Structures are given as structure tokens and as C-alpha cells.
Amino acid sequence: MFGWILTAVVFVLLLVAVAMLRRAGGGNFPWLTFYAKGKESGFSFGEVNLLRKVAVQNRLKNPTSLFWSITQLDRSIRGTILKLRSENLLKDPESQKFLSKLFDFRKNVEFDLPKYKLGLKNTRKLPHRQRLTINVPGVGTYTTQVVENLRRYLAISYPEGPKIPRDFSWKGQRLNIYFWRQDDAGYVFETKVLDDFYDQKYPILHIAHSDSLVRSQKRRSLRVDTDFSVHLYPVRSLETATEQAESRKGLRSRMLDLSEDGAAVLIGGKAKVGTPLKLQFKISKSTIVMPGIVKGVNHNEKKNQSVLHIQSKPLSPPMKNRILMYVYDIFGERSGNPP
């Protein structure tokens with residue numbers, strides 16, 4: 001008797017759940033299939049529920065495409081933003097929180113693509129102009145780039161960095177080399193300098209290939225190349241730095257790349273690792289303020305320029321969401337092709 005009652009209760013609850021899903025989803029789309037597909041794809045119930053809401057708002061014919069199609073997901077995010085803007089709700093805290101969750105999901109789908117999971121095993125596929133950072137124990141850190149990748153060795157541009165001691169010779173040196181692969185991760189490997197062609201018209205080094213690359217520092221956020229003006233402002237500490245826009249002029253620099261959690265900036269002169277500062281720049285008509293700290297410096301002595309690698313402090317949802325609209329090119333700001 002008890003078993004029959006329990007079965008009946010479960011059946012009724014299932015009917016109620018189906019009715020609620022259909023009413024929440026709208027139309028005759030099989031939302032149970034949608035939730036099952038989401039679970040099968042590894043998404044949490046909260047994420048699937050979020051996407052159901054987005055699918056309904058954007059009247060998608062095939063809502064399951066949100067689980068794998070970045071194009072469809074970007075269109076839906078754009079539609080959601082436009083809807084919130086038309087209802088004058090874009091600045092609402094709950095709306096910004098909703099967009100933050102949506103962008104987090106967008107990032108998960110992005111980094112689930114094969115290109116982020118398949119790493120390099122050796123140096124034989126390093127592309128032309130791949131930038132490398134060389135650490136020579138007891139001497140210093142230098143920057144270079146791949147000039148040519150040949151079967152027997154890598155030809156790299158002559159390293160730039162601190163002044164080399166008089167008795168120092170590159171030939172025969174054991175090097176620790178680090179590089180960041182676009183849309184992938186950071187890599188470290190050891191190698192040896194095979195030959196030094198300093199006296200050539202274009203000075204280069206030949207270094208041995210490595211079959212032992214160590215993959216580390218996997219990308220946590222999508223980084224895109226940029227080329228626009230940014231102003232830098234020194235601050236007392238990262239903890240006290242705010243997102244309040246500055247009215248005074250800062251140190252005018254050039255932003256080389258941007259992500260939700262940092263940027264690379266080209267400045268004249270030098271800077272110290274650990275320096276807290278504030279970046280201020282424009283994306284279309286929006287003023288972006290990003291407090292951060294210098295985590296790395298690549299200095300070019302000949303040009304007296306430095307590339308600062310800046311890690312941002314956690315940003316407020318509105319500031320972070322505005323950056324992500326640009327990074328994911330939701331409104332064609334990067335491509336120059338507005339929807």
C-alpha cells in the first residue's frame with residue numbers, strides 16, 4: 001500500500017515538474033530533453049536553468065545549441081543585453097549578476113574547445129615570431145623570438161635584456177626558456193645554444209629543440225590583442241585602489257592586450273614588479289578603470305621601453321561585464337562589424 005502511494009506521489013511530482021518546465025520554457029520544446037542534454041554535457045542544474053532562461057528570452061528554435069555553439073551563445077548574450085537595455089534594467093544589480101553568470105558560462109564553453117586542451121609536446125611546432133623569455137642563471141632575463149623553425153634547431157633573434165658580462169658566451173649555454181602560447185598556456189623547457197651568429201647582418205642564435213615541454217599556467221580568461229591608448233595612475237596600495245575614474249591626466253601608454261583579469265601595457269622607461277597602479281581607458285563611449293599590480297616587466301634597453309604585465313584586482317560586475325562584451329566581441333567593437 002505504502003509503495004503504491006509513494007509511486008503515485010512521484011508520478012504527480014513528475015507531472016508538475018514537466019508542466020512547470022513547459023510553462024517556464026514556453027512552447028512545445030521538450031525541456032526535459034534540454035535539461036538531460038545539459039547534464040550530459042557536464043553543466044550544473046543552475047547553469048542549465050540559466051541557459052533555459054536565455055533560450056526563452058531569445059526565442060531559440062533549438063535551445064540545445066547553447067551547450068556547444070559559441071556563435072549562438074554570443075547572439076543570445078547580445079539579445080539579452082539589448083532586452084535589458086530596452087527595459088532600462090541593464091544597470092540593475094540583479095541584471096549585472098545575471099550577465100556575470102552568463103559570461104562565466106560563455107568562458108566555460110570557450111575553454112572546452114579542443115584548441116585549449118591539446119598542448120604542445122615539443123618545440124618543433126613553435127610558430128615564426130613566437131616570443132620567448134630566456135632565463136640565464138646568474139646573468140639575467142632576456143627576450144627573443146623565433147626567426148625560423150628548422151628540423152635540427154630553432155633560429156632565434158639575438159636576446160635583448162641586461163648588459164652581458166665581458167667573459168660571457170652564448171654558445172654552449174644551457175638555457176631555461178618560457179613562452180606563452182596564444183589561446184593555450186605557458187610552457188617551460190630547457191635547451192642548449194648550438195651556435196652564435198652575432199657577426200651576421202641579422203644576429204641570431206641556434207638553439208636545440210626540446211622534446212620535454214612542461215605545460216603550466218593554463219589560461220584562466222580569454223585575452224585579446226589591442227592597440228589603443230591607456231592612462232596609468234600610481235596608487236598607494238592595491239587594496240585601497242578604487243574604480244573611480246580620474247579627471248587628471250595619467251602616464252599615457254599603449255595597451256597591447258586585454259582580458260577580464262589583466263592587461264599588457266607598453267610604456268616608456270622602466271617599472272618595478274609589484275608596483276600597484278590603476279589603468280583607465282575607453283571602450284567606445286564607456287570609461288573602464290582597472291586597478292592592478294605589475295606582475296612582470298620586459299624591458300628593451302635599446303628603445304628604453306617596457307611591457308608591463310598587469311594583474312587586475314577582482315572587478316565589479318558592471319566593469320567586468322563591459323570588458324567581456326569587448327573581449328568576446330558581442331557588439332562587433334573589435335572586428336569593426338557591429339551586428
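Helix axes are lines fitted to C-alpha atoms over the stretch in contact, and angles run from 0 to 180 degrees between N-to-C directions. Helices (H or I, at least four residues) and strands (E, at least two) are DSSP runs, numbered from the N terminus. This is a predicted model, in which local features need pLDDT of at least 70 and side-chain atom pairs count only at pLDDT 80 or more, while totals for chains, interfaces and linings use all residues. Residues are numbered from 1 along each chain as its sequence is written, and side-chain values use heavy atoms, with hydrogens and water left out.

**Overall composition**

- The chain contains seven helices and 13 strands.
- Of its 339 residues, 42% are buried (under 20% relative accessible area, with exposed over 50% and partly exposed in between; 1.4 Å probe, protein chains only).
- Among contacts (heavy atoms within 4.5 Å) with a separation of 6 or more, 58% join residues 24 or more positions apart.

**Packing of α3 and α5**

- The axes of α3 (residues 45–57) and α5 (residues 93–110) come within 11 Å and cross at roughly 105 degrees.
- That angle makes α3 roughly perpendicular to α5 (65 to 115 degrees; under 35 counts as roughly parallel, over 145 as roughly antiparallel and the rest as oblique).
- On the α3 side, Glu47, Leu50, Leu51, Lys53, Val54 and Gln57 take part; they meet Phe98, Lys101, Leu102, Phe105 and Asn108 of α5.
- The residues of this contact comprise six nonpolar, two polar and three charged (Ala, Val, Leu, Ile, Met, Phe, Trp, Tyr, Cys and Pro count as nonpolar, Asp, Glu, Lys and Arg as charged, and the others, Gly among them, as polar).

**Helix α4**

- Helix α4 (residues 70–86) has 17 residues and spans 24 Å from its first C-alpha to its last, close to the expected 24 Å (1.5 Å times one less than the number of residues).
- Its buried residues are Ile70, Leu73, Asp74, Ser76, Ile77, Thr80, Ile81 and Leu84.
- These residues cover an arc of only 160 degrees around the axis, which puts them on the same side of α4; the arc is that of the directions from the helix axis to the C-beta atoms.
- The cover over the buried residues of α4 includes α3, α5 and α7 (317–327).
- Ile70 has a relative accessible area of 18% and, leaving aside neighbours within four places in sequence, is in contact with Arg106, Val109, Glu110 and Leu113.
- Just after α4, Asn88 adopts a positive phi of about 60 degrees.

**Gln130**

- Gln130 lies in the loop between α6 (114–117) and β1 (131–136), and is buried, with a relative accessible area of 10%.
- Not counting residues up to four places away in sequence, Gln130 touches Thr144, Gln145, Val146, Phe179, Trp180 and Arg181.
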